Amino acid sequence: MPARDIYHNAVRNALEKDSWQITKDPFLIKWGTRDLYIDLGAEKLIAAEKSGEKIAVEVKSFIGASPVTDLENALGQYILYYDILTRLEPDRRLYLAIRQETYSELFQEPIGKILLENQRLCLLVFDSKREVILQWIP
């Protein structure tokens, strides 16, 4: 099993504060002979429905020497998980969890804006100190 991101618990706590039930920690997906681990699986029951919304969350710290290299690595991992998850659990949406600072530094700049405009990924933006979700970007 891979090591947890330094903000793993902050994201888990933020999801629980937002009424998400953590169902998998980590969320194992198998493809062929390979085991892959998405950081978290969660569900939120909707009162009027028997089934609820399902998500998978990959947490990334973006604390490396180069934020662009961190983005490239996170995006590659996200695409791999996304493609496999759409086959295994098409009703589960994948999110990349990033700190507010990372969102401001990368996704308010042209390099990140193009990814959001082209709907390449879904973001969960969180405050690591208060352990709360600030924004969902589908």
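1. A pocket here is an open set of grid points where a 1.4 Å probe fits, with protein on both sides within 12 Å along at least five of seven lines. The model is a predicted one, and its largest pocket has a volume of about 220 Å³. Of the 14 residues lining this pocket, Tyr78, Tyr82, Arg93, Gln119 and Cys122 are the closest to its centre. H2 and E6 are the elements that give two or more residues to the lining, and H2 gives the most, with 4. By class, the lining of the largest pocket has 8 nonpolar, 2 polar and 4 charged residues.

2. The second largest pocket holds about 180 Å³ of space. Its lining consists of 16 residues, with Pro2, Ala3, Arg4, Asp5 and Asp39 nearest the centre. Two or more residues come from each of E3, E5 and H2. The lining of the second largest pocket is made up of 8 nonpolar, 2 polar and 6 charged residues.

3. Helix H2 covers residues 67-88, and its 22 residues should span 32 Å at 1.5 Å a residue; the end C-alpha atoms are 31 Å apart, which agrees. The buried residues of H2 are Asp70, Leu71, Ala74, Leu75, Tyr78, Tyr81, Ile84 and Leu85. Among the elements covering them are strands E2 (27-31), E3 (34-38), E5 (53-59) and E6 (92-99), along with helices H3 (100-107) and H4 (110-117).

4. Thr102 is found in helix H3. Thr102 counts as buried because its relative accessibility is 3%, against a cut-off of under 20%. Beyond its neighbours within four places in sequence, Thr102 contacts Ser61, Phe62 and Phe107.

Key. Residues are numbered from 1 along each chain as its sequence is written. This is a predicted model: local features need pLDDT of at least 70, side-chain atom pairs count only at pLDDT 80 or more; totals for chains, interfaces and linings use all residues. Side-chain values use heavy atoms; hydrogens and water are left out. The expected span of a helix is 1.5 Å times one less than its number of residues. Buried means under 20% relative accessible area, exposed over 50%, partly exposed in between (1.4 Å probe, protein chains only). Contact means heavy atoms within 4.5 Å. On a 1 Å grid over the protein atoms alone, a cavity is a set of points where a 1.4 Å probe fits but cannot get out, and a pocket is an open set with protein on both sides within 12 Å along at least five of seven lines; lining residues have an atom within 4 Å of a point. Grid points are joined across faces, edges and corners, and a volume is the space filled by probe spheres set on the points. Ala, Val, Leu, Ile, Met, Phe, Trp, Tyr, Cys and Pro count as nonpolar, Asp, Glu, Lys and Arg as charged, and the others, Gly among them, as polar.
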